[in-house]
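Here are a few exercises to work through with the structure open beside you. Try each task before you read its solution.

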Amino acid sequence: MATKPKESLTYSEPIATGEVTIGTAPEAVYRLVSDPVAMAECTEELRKARWIRGATEARVGNWFAGSNRNGRRRWVTHAEIIEAEPGRRFAYRVRTPFFVPISRWEYDITPDGVGSRLTVTNWLRVPPWFVPIAILITGEPDRAGTNRANIATTLQRVKARLEGREWRREGRWQAEEVSRKPLSRR
């Protein structure tokens with residue numbers, strides 16, 4: 001499904017979702033997904049993240065900046081944490097540095113046997129007038145399809161990292177023992 005034309009955008013339904021079962025406790029899953037600096041190592045478009053506005057941890061109202069890339073295209077976003085329930089839920093909304101809303105991301109974690117189930121949901125929040133600009137900036141006319149594919153890839157990397165298996169990010173990371181990559185400490 002390609003991103004809808006700006007005249008028919010709806011914000012009531014997510015544009016992309018994905019889920020995975022991970023053989024790790026919900027608290028460990030939360031520690032990773034609520035740390036944007038560490039998560040940038042697992043994601044496709046988000047290549048680097050840093051806390052901003054004095055923030056150093058995942059708390060409601062804290063902000064982080066993301067450096068994003070799609071091929072040769074690069075852009076920066078700012079994100080405000082809107083939900084932070086350790087072991088259960090982490091959510092943030094993304095905007096441009098010049099205050100245009102972009103999206104909302106939610107990470108829901110539930111116990112599943114001896115591990116956890118992680119569900120990622122993404123909503124588009126771009127105003128219709130900004131859609132052509134967003135496509136120009138990111139080079140991506142099919143935001144829904146891209147986010148679905150990126151979520152699937154990210155979830156597999158998160159699973160591998162938390163379960164201590166080797167994984168590789170094409171063009172950036174060499175295969176390595178994931179258990180040797182500590183999460184950033186708060």
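**Exercise 1: Strands side by side**

Strands β4 (residues 73–85) and β5 pair in the antiparallel sense, with seven bridges between them. Keep in mind that this is a predicted model.

Task: find which residue of β5 stands opposite A84, and what sits in the turn of the β4–β5 hairpin.

Solution. Start with A84: the residue facing A84 is F90 in β5. Another pair to look for is A79, whose bridge partner in β5 is V94. Now follow the chain through the turn. Three residues lie between β4 and β5, and G87 in that turn has a positive phi of about 80 degrees.

**Exercise 2: The neighbours on either side**

Task: work out which sense β5 and β6 pair in, and do likewise for β3 and β4.

Solution. Take β5 and strand β6 (residues 101–112) to begin with: they pair in the antiparallel sense over seven bridges. You can check this at A91, which stands opposite E106 in β6. The hairpin here has five residues between the strands, and F99 takes a positive phi near 75 degrees.

Next, go to strand β3 (residues 63–70), which pairs with β4 in the antiparallel sense over eight bridges. A65 has H78 in β4 as its bridge partner. Two residues separate β3 and β4 in their hairpin, where G71 in the turn has a positive phi of about 65 degrees.

**Exercise 3: Under cover**

Task: say how many residues of β5 are buried, and which residues of α1 are buried.

Solution. Begin with β5 (residues 89–95): six of its seven residues are buried, so the strand is mostly covered, given that buried means under 20% relative accessible area. Then turn to helix α1 (residues 26–33). Its buried residues are P26, A28, V29, Y30, L32 and V33. That is six of eight, so α1 is largely enclosed by the rest of the structure.

**Exercise 4: Into the core**

Task: find which residues have the most contacts inside the largest nonpolar core.

Solution. The largest nonpolar core has 40 residues, and Y92, Y107, L118 and V158 have the most contacts inside it. Helix α4 (residues 143–162) gives the largest share of this core, five residues. Now zoom in on Y92. Leaving aside residues up to four places away in sequence, Y92 touches F64, A79, E80, I81, I82, S103, R104, W105 and Y107.

**Exercise 5: Zooming out**

Task: how many helices and strands does the protein chain have, and what pattern do they follow?

Solution. Count four helices and seven strands. Along the sequence, they come in the pattern β-α-α-β-β-β-β-β-β-α-α. Then look at contacts between residues at least 6 apart in sequence: 51% of them join residues at least 24 apart. Finish with the accessible surface, about 9500 Å², of which 53% belongs to carbon and sulfur atoms.

Terms used. Residues numbered from 1 in each chain as written. Predicted model: local features only at pLDDT ≥ 70, side-chain atom pairs only at ≥ 80, totals over all residues. Heavy atoms only, no water. Contact = heavy atoms within 4.5 Å. Areas by Shrake-Rupley, 256 points an atom, 1.4 Å probe, with all protein chains shown as cover. Buried < 20%, exposed > 50% of the residue type's maximum accessible area, 1.4 Å probe, protein only. Pairing = 2+ DSSP bridges. Core = buried A, V, L, I, M, F, W, Y, C linked by side-chain atoms within 4.5 Å.
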